[in-house]
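This briefing looks at pairs of charged side chains. It covers which residues pair up and where they sit.

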Amino acid sequence: MDIAKVFETLSEGKIISANSSQHSDIANMLLTDSFFDEVNELVNQIGYRLNKEGGYFYISKKKKLTAQEQQAFLSKNRDLIVAIAFLRHLYPRIDRGSTVSFVDTVVTYGNAKRDDSSIKDKLTYFSWIRNKDDEKGMMEQLFKHLEDRNVIEKVQNSNTDKYKVLDSINYYLSIVDSIETGEE
């Protein structure tokens, strides 16, 4: 693997987690200081920087985002932010490296729904399924979306119940925290 492949992956807006098996080759290279510095120099030349925080890597603009750019970012990532806020509502202590079970999440959701009827609205908001009574289908869609966005990944490809929470969740949790803090 070379710098071009790493740049291509990061420039797609992906966050690379060090604990991801899918991108372990990229993460291992970026964990090497000399390679990290080389990629950072490259992205610096085009007005970006390579960020390394808490086991995950991503590129961002050097300059602060304008209000319009911030709004575009939130619009583009709204579904993912809502999905993570929903997951954190069910698991307040969720953190990178945790394991999440689909079956347990469905059960936890059912229990939470008895205490807080608004939680179904959060799941419904996230879902694109027409049948809003198909909560299991909406939950499957939630997990698929989190997996597609590199926030969780199956512990084993043959096991569709257990998922590892990737380091990148901390990036999105910080966004959820700032949104929730701003609402208070």
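**Salt bridges**

Asp148 and Lys144 form a salt bridge (a side-chain nitrogen of Lys or Arg within 4 Å of a carboxyl oxygen of Asp or Glu), with their closest N and O atoms 2.9 Å apart. The model is a predicted one, in which local features need pLDDT of at least 70 and side-chain atom pairs count only at pLDDT 80 or more, while totals for chains, interfaces and linings use all residues. Residues are numbered from 1 along each chain as its sequence is written, and side-chain values use heavy atoms, with hydrogens and water left out.

- Helices (H or I, at least four residues) and strands (E, at least two) are DSSP runs, numbered from the N terminus.
- Asp148 is partly exposed at 46% relative accessible area; buried means under 20%, exposed over 50%, and partly exposed in between (1.4 Å probe, protein chains only).

**Between separate parts**
- Lys164 and Glu153 form a salt bridge with closest N and O atoms 3.6 Å apart.
- Lys164 is in strand E6 and Glu153 in strand E5 (residues 152–154), so this pair ties together parts eleven residues apart in sequence.
- Glu153 is buried at 8% relative accessible area, whereas Lys164 is partly exposed at 24%.
- Asp167 pairs with Arg96 in a salt bridge, the closest N and O atoms being 3.4 Å apart.
- Asp167 is buried at 5% relative accessible area, and Arg96 is partly exposed at 38%.

**Whole structure**
- Ten salt bridges are found in a search of the whole structure.
- Lys113, Lys120 and Glu135 are linked in a salt-bridge network.
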